[in-house]
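The report below works through one model chain by chain, from overall architecture to single residues, and is meant to be read with the structure open alongside.

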Amino acid sequence: MENRPLEYDYTVAKMFMLTTVLLGIVGMLVGVILAWELAFPAVNTFLGQGAAEYTNFSRLRPLHTDAVIFGFTLSGVFSTWYYVGQRVLKVSMAESKFLMILGKTHFWLYLVGVVAVVVSLLMGVTTSKEYAEFEWPIDIAIVIVWVLWGVSIFGLIGMRREKSLYISVWYYIATFLGIAMLYVFNNMEIPTYFASGGIGAWWHSVSAYAGTNDALVQWWYGHNAVAFGFTVPIVAMIYYFLPKESGQAVFSYKLSLLSFWGLMFVYLWAGGHHLLFSTVPDWMQTMGSVFSIVLILPSWGSAINMLLTMKGEWQQVASSPLIKFMVLASTFYMFSTLEGPIQAIKSVNAIAHFTDWIVGHVHDGVLGWVAFMIMASLFHMAPRVFKREIYSKSLMNTQFWIQTLGVVLYFTSMWIAGITQGMMWRAHDEFGNLAYSFIDTVTVLHPYYTIRAVGGTLYLIGMFLFAWNMYKTMTAGRRVEENELQNASPMAA
Amino acid sequence: MDIATFQAYGYFGITVFMVVALYGYIYHLYSKKKDAAGIDYESYSNMALNDDITDEPVNKVSDKETKKVGE
Amino acid sequence: MFHWLEKHPFFFAVGVFVTIAFAGLIEIVPNFAQASQPVIGTKPYTTLELAGRHVYIKNSCNACHSQLVRPFKAETDRYGDYSLSGEYAFDRPFLWGSKRTGPDLLRVGNYRTTDWHENHMKDPASVVPGSIMPAYTWLYTNEADIDTAYAEQVTVKNVFSVPYNTPLPMKDGSKETVALADTLEGAQASALEEAKLVVADMKSKDIQDAVAAGKIPEIVALIAYMNSLK
């Protein structure tokens, strides 16, 4: 090979790869425990009566959502940023001591934050606002972590060789700005210890908004945490990794720019669909509905763009499990961005809201789209950052099919459960009385909860296969030369 | 004018503005085909494909230009 | 304009920010004052009720129970009157929830008793056969955090002018005042008085002894909160 004085430096990307895998397993393991608890309540005390406070469904539930969102997904976002960012800007982290130190600080502080979150949620220290459960000291730490990431992004952009910003970078910037704004406003809170002159628990705070206003701000945040955590950065990943792995140029770069602006414009309005038939003003609910449906366009813009990128190269889907992961991810993205707007239609929402159908929707999005895309990204990165071949292609294939089966079991069972329960809640007998007591609508779900738990368990098994494959790649994969890394990732049978 | 009316007008006005901007952008992209630097938009796909540190950038940051962008 | 934006990441960032921020501004800000007016009959929480609300939050009851009755016949039949915005005026944070694994609790105080809750939290399936709710046995031994509840009351009174010690109109035309003690000791004492009223309807000897000894188990605070939900 030629003499390379300068190479991309993936130190920080590697660190975040580790937490992606680790927190992915933690988050999904907790999820599987929760699923079994719903199917079989005895599981709530699986560590004995003494530990029941820390193992019961309600205490673990925020830990599951936060570990998957802020642990697994965010680690994946950071990890891919520290990889993709350098490459598309054509600048190495090794060129700046400052950025290197910053990146490492970013990682370690993030890790401290993760530990604090796990401990505090298990202790029951929570604000109760979904995906914003952390009390003020952790909020401050998170803001610092976020600012560090921001400085990293703009620092790298500032010293770039490539003048134009690749579409993925746009999406990463939008992730940074979007979450920053949403997080700060939703977590406006007043520490009671200081406001009352030193009484009570020091970590406790009270929300700056009350009732309906709090709900509005929360779902403006909650929905857009999905937008800017589960959609925008994942789109950033697919715009880089799919073309790179397949060796195909993006089908239409113009369409990618359009979809970007469309998504930015529309997504923020859609939060109102979480509050249909609540006490927020009607026009806001209707607007939430309408914009949710408009949202199909930019979402599909990106998804179709990706599928068309594979035009003429579909044999790659059959031959490469890595491409399989990404194509299935964009398919699930289309599917889930169609399902979401359907649920946001008022008459559908009347049945679907508060039921398991919503849970199903979240999971076909997160398991099928987000997690598949993150794992595909890590698989693509592994040979490049470790300079080794992916350990086992057959293991990847196995993982793919196990997890796909898991997702399918998950969302089909939750559809049936959700619609069943939604219909039973509203059923009346011929005299106009409610046909079912609430508990009837719970016991009927038992088979679906069991199927869901099985689906989740399959997905978790796939996750372990993923971790094992990554570990073996890192330690035992065949060493590869630079020229094997141009497009399709090298993988051993 | 009470606040709800103001809200409605603001909402309507901004929505119209955004729609115009978005469609203007579509028109701009497909009529111009090239950006201000004279580079075909589609060639930006190569930023992902040729992303080795020794590859030639699609649109190089020239040495004499001051780096005032970003921060 | 578009050419220019593409080349200036800083202004590009500002553009993205404005685009995503304006939705929030239009949606949320104008309605703020209007939505936070309490309706007649809505009172701020007492110290013990607020401590109970903290127990509710600590155990993420909102993960499975909503507190939002939608305006459908099926819901008003099951849970009572549909929700009004002003009813939530003193809820910081709101506890609408997003999933009904269990029933709505917005008006649970209308149809469940102290006694029912006492048995139910200890062993849900014994009261509701087939229930998949876990038992919350630790509520009977952990002590409620009255101090933090009082700190929150002081905070919301000072910062958000929540009307403690102010006569408030009730639905039947009377006036009611929710008292807030001047000192922490005063708040502890009044919380204990409240707790004694709750415990009078409870069966457990241990709980009664604990309250008699000046301790307030979490379950007592939680029940005080649940009974206040009407």
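Read from the N terminus, the elements of chain C in this predicted model follow the order α-α-α-α-α-α-α-α-β-β-α-α-α, which amounts to 11 helices and two strands. Along the principal axes, the C-alpha atoms of chain C occupy a box of roughly 75 × 45 × 35 Å.

Helix H11 of chain C, residues 218-228, is largely enclosed by the rest of the structure, because 10 of its 11 residues are buried. These buried residues are Glu218(C), Ile219(C), Val220(C), Ala221(C), Leu222(C), Ile223(C), Ala224(C), Tyr225(C), Met226(C) and Asn227(C). What do the buried residues of H11(C) pack against? Their partners in chain C are helix H4 (47-58), helix H6 (114-122), helix H9 (184-199) and helix H10 (205-212).

The interface of chain A and chain C comes next. Contacts across it involve 91 residues of chain A and 78 residues of chain C, and the area buried between these two chains is about 7,200 Å², with carbon and sulfur atoms giving 69% of it. Between chain A and chain C the count is one salt bridge, in which the side chains of Asp356(A) and Lys99(C) meet at 3.4 Å, N to O. Residue pairs in polar contact across this interface, with both residues at pLDDT 80 or more, number 27. On the side of chain A that touches chain C, helix H8 (residues 211-246) gives the most, with 11 residues, and by class that side of chain A is made up of 53 nonpolar, 29 polar and nine charged residues.

Helix H8 of chain A also holds Thr231(A), which is buried, its relative accessible area being 5% and therefore under the 20% cut-off. The side chain of Thr231(A) makes a polar contact of 3.3 Å with the side chain of Tyr267(A). Beyond four places in sequence, the residues that Thr231(A) touches are Val226(A), Leu263(A), Tyr267(A), Tyr333(A) and Trp369(A).

Leaving out neighbours within four places in sequence, Phe16(A) is in contact with Ser75(A), Phe78(A), Ser79(A), Tyr82(A), His106(A), Phe107(A) and Tyr110(A). Among these partners, Ser79(A) is 63 residues from Phe16(A) in sequence, yet their C-alpha atoms are 4.8 Å apart in space.

The pairs for which a distance is given are collected here.

| Pair | Kind of distance | Value |
|---|---|---|
| Asp356(A) and Lys99(C) | salt bridge, N to O | 3.4 Å |
| Thr231(A) and Tyr267(A) | polar contact of side chains | 3.3 Å |
| Phe16(A) and Ser79(A) | C-alpha to C-alpha | 4.8 Å |

Finally, there is the matter of confidence in chain B. The mean pLDDT of chain B is 78, and 86% of its residues reach 70 or more. Over residues 64-71 of chain B, however, pLDDT stays under 50, and for this stretch the model has 14 contacts beyond four places in sequence. Where pLDDT is low, predicted coordinates should not be read in detail.

How values were computed:
Residues numbered from 1 in each chain as written. Chains lettered and ligands numbered in written order. Heavy atoms only, no water. pLDDT = per-residue confidence, 0-100. Contact = heavy atoms within 4.5 Å. Buried area = accessible area lost by both parts, 1.4 Å probe. Salt bridge = Lys/Arg side-chain N within 4 Å of Asp/Glu carboxyl O. Polar contact = N/O pair within 3.5 Å; in protein donor to acceptor, adjacent residues only side chain to side chain. Helix = DSSP H or I, 4+ residues; strand = E, 2+ residues; numbered from the N terminus. Nonpolar A, V, L, I, M, F, W, Y, C, P; charged D, E, K, R; others polar. Buried < 20%, exposed > 50% of the residue type's maximum accessible area, 1.4 Å probe, protein only.
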